[in-house]
Amino acid sequence: MTEEKRAGAPAGRSAPARSAGRALTPVTLGEVHAPKVERLRTGIGEFDRVLGGGVVPGSLVLIGGAPGIGKSTLTTAALANLAAAGRKVLYISGEESAAQVKLRAERLGPHALGVPIVADTDLDAVLATLEAERPDVCVVDSVQVLYDPALTGAPGSVSQVREVAGRLMRLAKERGIATLLVGHVTKEGSLAGPRVLEHLVDCVLSFEGERERTYRTLRALKNRFGSTNEVGVFEMHEEGLVEVEDASARFVTEATRAPGSVVLCAMEGSRPLLVEVQALVAPSEIVPPRRVANGVDRNRLALVLAVLARHGGFSLGSADVFVSVAGGVRVDEPGADLAIALALASASKGISIDVDKPLAAFGELGLTGELRHVAHADRRVAEARKFGLERIVHPGQRAGTLRQALAVLNGSTEKGAAAGGGTASAQAA
Ligand SMILES: Nc1ncnc2c1ncn2[C@@H]1O[C@H](COP(=O)(O)OP(=O)(O)OP(=O)(O)O)[C@@H](O)[C@H]1O
Ligand SMILES: [Mg+2]
């Protein structure tokens with residue numbers, strides 16, 4: 001519980017509001033004058049795609065992410081491109097001094113050095129600067145360090161963050177300044193700051209990935225101007241964040257083809273993405289045995305294990321089970337079930353499913369052991385074929401249940417049967 005001081009009501013407002021109101025005239029939506037707004041392209045393809053085609057003028061975008069994930073790098077690079085394209089930009093750094101930001105900008109290339117910066121944490125000064133400069137796009141890094149001296153709370157407290165964001169929003173809408181707010185989220189996503197902002201802003205983007213891994217993903221959790229299904233994949237390099245446009249190609253060539261490895265045809269928004277799902281099954285010395293899931297939901301893993309035991313004949317109750325999506329990617333869709341099940345089965349049998357190309361799979365597992373259809377099957381298959389994966393197991397006429405899909409494992413032991421996709425279950429190309 002924190003005490004919040006109420007700002008004194010301005011003089012004259014204490015009178016009953018009834019007499020002050022002026023009736024408004026409703027108009028039909030068809031009559032509303034809405035000029036066509038041109039989106040501002042940041043020149044970072046993956047970022048623009050996640051935003052729905054670029055930044056909308058006057059919009060407020062919150063970019064949340066764990067410390068050190070690359071929020072400042074991404075926003076600086078975006079401003080650099082916008083400035084190079086002739087837009088007026090401003091970088092407001094509350095966290096780092098101008099000299100520190102310059103060090104980063106030097107890594108990012110010559111355009112980044114053309115970005116104007118102010119380093120301050122006083123909200124009034126920041127608003128006055130924005131009013132005077134009137135940039136097209138500004139970055140506030142971060143929303144938690146700005147503070148309004150009139151409020152009692154410490155910077156980053158709920159009341160401060162709400163006030164800071166509220167006043168920035170008013171200015172952004174009035175002056176048409178697109179504002180990118182950087183916000184911190186702890187590992188548990190528990191920090192009150194950005195959470196209270198989510199209703200206020202137009203877009204909430206989440207920048208995720210593990211710091212030790214190279215791949216980072218940018219996804220929209222809320223977007224008033226575009227789909228929330230889009231995902232951008234980046235890689236952190238010396239010269240900043242580099243877009244990974246053909247992520248599937250990377251993940252497929254990196255796939256190990258060892259027992260326990262299956263390529264999952266996932267959908268990341270409107271885009272199919274091939275990722276490698278790896279499983280390890282090892283005898284356990286502890287009770288209950290370990291269940292470790294990286295990149296997939298733990299509950300999903302538990303469900304797959306239960307269905308495998310009940311309907312697939314693989315009881316892994318006395319084994320430690322590890323499942324991981326390679327490359328630090330997180331897969332959050334039911335379509336991953338079958339690939340996880342096949343990877344687990346292959347790991348527990350110790351046989352590699354593929355002969356010379358990795359096996360691809362997608363499909364949802366039902367609780368009664370049936371395979372359920374998932375969206376965009378044709379696009380997933382097309383993506384797998386594009387990368388030369390010919391053996392694809394997915395729900396269809398030939399594989400209606402998990403048991404039928406698992407027959408692909410038997411096919412691998414008898415290589416002759418598997419060649420040419422002759423197994424009963426594989427929907428081989
Ligand atoms: N010389 C370098 N070469 C490669 N990567 C680097 C280099 N310097 C920094 N990085 C990467 O950049 C990351 C920091 O980026 P950035 O400062 O944009 O993160 P941030 O999300 O803004 O962090 P914070 O939460 O501290 O503001 C580091 O974690 C590191 O991965
Ligand atoms: Mg930063």
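The model is predicted, so local features need pLDDT of at least 70 and side-chain atom pairs count only at pLDDT 80 or more, while totals for chains, interfaces and linings use all residues. Residues are numbered from 1 along each chain as its sequence is written, and side-chain values use heavy atoms, with hydrogens and water left out.

Select residues 215-223 to display strand β7, strands being DSSP runs of E with at least two residues and helices runs of H or I with at least four, numbered from the N terminus. Because 7 of its 9 residues are buried, β7 is largely enclosed by the rest of the structure; buried means under 20% relative accessible area with a 1.4 Å probe, protein chains only.

Next, select Ser248 in helix α7 (residues 247-254), which is buried at 2% relative accessibility. The Ser248 side chain makes a polar contact (a pair of N or O atoms within 3.5 Å; within protein, one must be able to donate a hydrogen and the other to accept it, and residues adjacent in sequence count only if both atoms are side-chain atoms) with the side chain of Glu383 at 2.7 Å, and reaches the backbone nitrogen of Leu274 at 2.9 Å.

Finally, select Cys203, buried at 2%, and Cys265, buried at 1%; the whole structure has 0 disulfides, meaning pairs of cysteine sulfur atoms within 2.5 Å.

Terms used: Chains lettered and ligands numbered in written order. Buried < 20%, exposed > 50% of the residue type's maximum accessible area, 1.4 Å probe, protein only.
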